[in-house]
Each structure stands twice: as structure tokens, then as C-alpha cells.
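Please look over the sequence and the fold before reading on. The paragraphs below go from pairs of packed helices to the pockets between them.

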Amino acid sequence: MRLKTEAKRQAILDVAAKAFAELGYEGASMAEICARVGGSKATIYNYFASKDELFFDVLTCDRSGFDHAHDPLDPAAPDVRAALQDFGERFIGFLYTPQIQSNRRLAIGSAARSGIGRLMYEREVSRSQKKIEDFLQAAAMRGDLRLLTPRLAARQLRALLEAELIEEYLFQVVQTVTTEDIHGLVQRAVTAFLAIYTPVADTRLSAETDPLNPETGE
């Protein structure tokens with residue numbers, strides 16, 4: 001077996017990225033990618049176990065952007081609103097860069113015909129979800145939030161953050177999102193989220209209108 005090198009791995013990723021962008025997931029066969037890289041299929045399979053694994057690594061090559069977006073979710077952060085605002089701006093800023101928008105569309109479009117959808121969900125979406133859950137759970141344990149479950153709250157937070165953009169994104173209406181736009185929509189999303197999950201001081205208000213009251217909430 002030939003010795004693996006990071007330079008060779010990156011060269012394969014670069015070639016594969018161009019092939020997937022030009023031909024789509026189905027059109028870019030491993031044979032096609034191999035021909036562009038040069039050498040045998042065994043060389044590519046020495047680095048990537050399958051076409052899905054190669055495609056996944058092409059789509060998620062910018063791991064630093066993901067990590068940077070989630071850095072504000074420190075369970076020890078004392079100001080929940082500030083941390084969520086910082087996270088939301090980084091997160092939306094990351095998701096709506098042109099490259100990540102393109103990668104998400106490729107993954108969604110290929111999900112029904114490959115295993116890429118499951119890989120993206122299990123390795124990226126679930127990882128993001130867990131980081132949010134841990135942050136919210138820590139805030140709840142301090143009494144700063146009141147949750148039904150961290151899992152549900154984390155999903156609702158993600159949904160609120162994308163609420164003003166998701167339909168335009170899906171139908172490819174949105175192309176660029178400004179920093180000012182992101183700040184405003186995240187501020188509105190965080191305000192809505194905290195309106196649901198901030199502990200209610202007035203017990204009468206809590207009993208009658210609290211959305212987390214099992215007798216009145218959905």
C-alpha cells in the first residue's frame with residue numbers, strides 16, 4: 001500500500017470538487033474523478049472509502065468555519081442573550097456564504113439518491129445540534145432558561161435563526177446576505193426564542209399564558 005499524504009488527499013479533493021460542481025453527484029463517477037486525478041481507482045479508495053465519503057469531505061472541507069460559528073456556545077457563558085446573538089450571527093454568516101449555500105444545495109439535491117444526506121445529518125447537523133443543546137442545558141441548570149427538553153429548544157432556535165431566509169434560500173432567491181441583515185434577523189430570532197424560554201416571574205401569567213404550560217402550550 002502506498003503511503004498516504006495530505007498533499008495527495010487535498011489534490012483528490014480539489015479535483016473531485018470541480019467534478020461534482022460541473023457534473024453533479026450522479027454525473028461525477030469515481031471513474032471520471034479517477035481519470036481527472038490520474039492513476040488508479042485504488043489510489044482514491046486508499047483515501048476515501050466510498051463516493052459518499054469523498055463527496056462529504058468535499059462539502060465539509062471548511063471545518064474551521066463550522067467551529068468558529070459554534071465557539072460562542074460556551075456552557076459557562078454568563079450572558080445567554082449575548083452568547084446566542086454572537087452564535088446566531090456567526091452561524092447564519094457561515095451558512096449563507098455562497099460556497100456553503102452551494103454545498104447545502106448539492107447535499108440536499110443528492111440526498112434521495114445517495115447516502116450523503118445521512119452523512120451530513122449525522123456528522124454535521126447533529127454535531128451542531130448537540131453543541132446548542134449543551135449550551136441551553138447549562139443555562140437551564142443555572143435557572144437562566146426553562147426548557148421542555150434541550151433537544152426541542154435547540155431545534156426551535158435553529159429554525160428561528162433561519163426563519164427569514166430559508167424559503168428564499170430553497171428557491172434560490174437569496175444570493176447574498178449583508179452583515180446588517182444578519183444582525184437584525186438574529187436579534188429578532190433570539191428575542192423570540194427568549195420570549196418562550198426565559199423563566200416567567202409572574203405566576204398568574206405563567207399559568208394562563210406560558211407556552212410551556214402543558215395545559216396551554218402546544
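At what angle do H4 and H8 pack, and how far apart are their axes? In this predicted model, the two helices meet at an angle of about 50°, and their axes are 10 Å apart. On the H4 side the contact is made by Asp 52, Glu 53, Phe 55, Phe 56 and Leu 59, while H8 brings Ile 116, Leu 119, Met 120, Arg 123 and Glu 124. Sorted by class, this contact has six nonpolar and four charged residues, with no polar ones.

These two helices belong to a chain with twelve helices and zero strands, so that its pattern, read along the sequence, is α-α-α-α-α-α-α-α-α-α-α-α. The C-alpha trace of the chain spans about 70 × 40 × 30 Å along its principal axes.

Two further helix pairs can be set beside the first. H9 and helix H11, residues 179–197, pack at an angle of about 150° with their axes 8 Å apart, and that angle makes H9 roughly antiparallel to H11. H9 passes H11 in a right-handed crossing. From H9 the contact takes Leu 152, Ala 153, Gln 156, Leu 157, Leu 160 and Leu 161, and from H11 it takes Leu 185, Val 186, Ala 189, Ala 192, Phe 193 and Tyr 197. By class, eleven of these residues are nonpolar and one is polar, and the contact has no charged residues.

H5 and H6 pack at an angle of about 155°, with their axes 7 Å apart, and are therefore roughly antiparallel to each other. Here Gly 65, Phe 66, His 68, Ala 69 and His 70 of H5 are in contact with Phe 87, Arg 90, Phe 91 and Phe 94 of H6. The residues of this contact divide into five nonpolar, three polar and one charged.

The largest pocket holds about 730 Å³ of space, and of the 30 residues that line it, Leu 95, Arg 104, Glu 124, Val 125 and Arg 158 are the closest to its centre. At least two lining residues come from each of helix H5 (63–70), helix H6 (80–95), helix H7 (98–110), helix H8 (116–142) and helix H9 (150–162), and the largest share, ten residues, comes from H8. The lining is made up of 13 nonpolar, seven polar and ten charged residues.

The second largest pocket contains about 190 Å³ of space. Its lining consists of 13 residues, among which Ala 17, Val 58, Cys 61, Gln 99 and Asn 103 lie nearest the centre. Helix H1 (6–27), helix H4 (51–59) and H7 each supply at least two residues of this lining, with H1 giving the most, six residues. By class, the lining residues of this pocket are eight nonpolar, four polar and one charged.

How values were computed:
Residues are numbered from 1 along each chain as its sequence is written. This is a predicted model: local features need pLDDT of at least 70, side-chain atom pairs count only at pLDDT 80 or more; totals for chains, interfaces and linings use all residues. Side-chain values use heavy atoms; hydrogens and water are left out. On a 1 Å grid over the protein atoms alone, a cavity is a set of points where a 1.4 Å probe fits but cannot get out, and a pocket is an open set with protein on both sides within 12 Å along at least five of seven lines; lining residues have an atom within 4 Å of a point. Grid points are joined across faces, edges and corners, and a volume is the space filled by probe spheres set on the points. Helices (H or I, at least four residues) and strands (E, at least two) are DSSP runs, numbered from the N terminus. Ala, Val, Leu, Ile, Met, Phe, Trp, Tyr, Cys and Pro count as nonpolar, Asp, Glu, Lys and Arg as charged, and the others, Gly among them, as polar. Axes are lines fitted to C-alpha atoms, for helices over the stretch in contact, and angles run from 0 to 180 degrees between N-to-C directions. Angles under 35 degrees count as roughly parallel, over 145 as roughly antiparallel, 65 to 115 as roughly perpendicular and the rest as oblique. A crossing is left-handed if the near helix is turned anticlockwise from the far one by less than a right angle, and right-handed if clockwise. Contact means heavy atoms within 4.5 Å.
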